[in-house]
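I opened the model to look up a few residues and the strands around them. My notes follow in the order in which I made them.

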Amino acid sequence: MPLADLNQRYAIANHVQFKVGEGGLSVAEISNAHASSRIALQGAHLMTWQPHGQEPVIWLSKFAKFAPGKSIRGGVPICWPWFGPHATDGKLPGHGFARTVMWEVLGTKAMPDGGTFLRFGLVETDATRAQWPHPCSVQIDFTIGKTLNIDLVTRNIGTHPFTLGEALHTYFHISDVGQMTIRGLENCEYMDKAGGASELKKQLDGIKIESEVDRVYLNSTSDCIIKDRGLQRIIRIAKHGSHSTVVWNPWTEKADKMGDFGPEGHRGMVCVESANALDNTVTVEPGASHHLVVAYSLEAMD
Ligand code: TA6
């Protein structure tokens with residue numbers, strides 16, 4: 001839909017308007033009583049969220065590339081309908097196609113508490129159907145306020161069950177990776193993708209990052225918190241409909257190779273991803289819906 005029509009149908013004064021952003025991508029710009037945020041229609045990719053009076057909570061690389069069909073480094077990429085490499089076809093894109101295809105705006109609303117609600121739907125094309133031949137409808141709801149709420153909904157509108165992998169691959173902004181600890185995954189087992197081990201390991205304590213970390217924690221449903229001593233704040237990640245948690249920081253060498261982190265860019269971010277991956281993929285029966293829901297909020301540190 002052209003921008004003028006989008007604005008006519010969905011813009012709300014003092015809440016949301018639609019603009020052309022970097023790389024010519026259409027972007028919803030949200031600014032309300034609580035926070036500001038930007039969401040690209042490509043990938044329904046939330047790029048920023050910053051409650052007023054706070055440092056950004058979501059990290060967006062200063063060197064991110066914005067181009068049609070390319071994933072953006074930072075924000076909340078939607079990995080769907082598989083997480084990581086495709087199980088059987090290595091030619092298909094890693095983390096699925098949802099983050100690089102167009103989504104349409106389905107609705108916007110000013111909420112009674114001053115927050116802004118936006119709903120997007122994934123636009124199916126011959127290319128998406130060729131990669132995922134299961135009749136389904138995919139929507140994502142964002143509520144931008146003091147808390148950021150996201151609800152990714154997959155409905156099976158076909159006659160056969162399908163099995164889905166997914167993640168909200170969220171990049172969080174932190175003062176410095178040496179100043180933070182992640183808690184909430186103690187006693188969970190994880191697949192150590194950076195360590196190359198095929199056996200599961202057990203998390204014994206809070207997570208500190210001092211080298212490359214790429215882990216899928218299985219059967220992890222509790223809240224996680226990121227304690228940031230530099231910013232003297234805690235980011236709380238509450239979720240439901242998610243049974244895996246991915247923790248990722250590429251560290252120096254991998255970040256340099258990726259080309260869109262910038263020098264030492266990895267030090268200001270950590271990904272804590274609410275996911276359904278590996279043994280936690282989800283089977284959706286005909287007529288049923290699956291929700292992957294997160295709520296991100298800030299707390300002061302004692
Ligand atoms: O979620 C962690 C991970 O799967 C890593 O293995 C890592 O390479 C990454 O996501 C980023 O993937 P991308 O395709 O966005 O470069």
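I looked up His45 and found it buried, because its relative accessible area is 0% and buried means under 20% (exposed is over 50%, partly exposed in between, with a 1.4 Å probe and protein chains only). This is a predicted model, in which local features need pLDDT of at least 70 and side-chain atom pairs count only at pLDDT 80 or more, while totals for chains, interfaces and linings use all residues. Residues are numbered from 1 along each chain as its sequence is written, and side-chain values use heavy atoms, with hydrogens and water left out.

I then listed the contacts of His45 (heavy atoms within 4.5 Å); leaving out residues up to four places away in sequence, they include Arg38, Ile72 and Pro77.

I placed His45 in strand S4, residues 45–51; strands are DSSP runs of E with at least two residues, helices runs of H or I with at least four, numbered from the N terminus.

I traced an open, antiparallel sheet of 4 strands in the order S1-S2-S3-S4, where two strands pair if DSSP finds at least two bridges between them. S1 (16–20) and S4 stand at the edges with a single partner strand each, so one side of each has no neighbour in the sheet.

I noted that S1 and S2 (residues 26–31) pair in the antiparallel sense over 5 bridges, and that Phe18 has Ala28 in S2 as its bridge partner.

Finally I turned to Met1, which lies in the segment before H1 and counts as exposed at 55% relative accessibility. I found its C-alpha atom 36 Å from that of Ala255, 254 residues apart along the chain.
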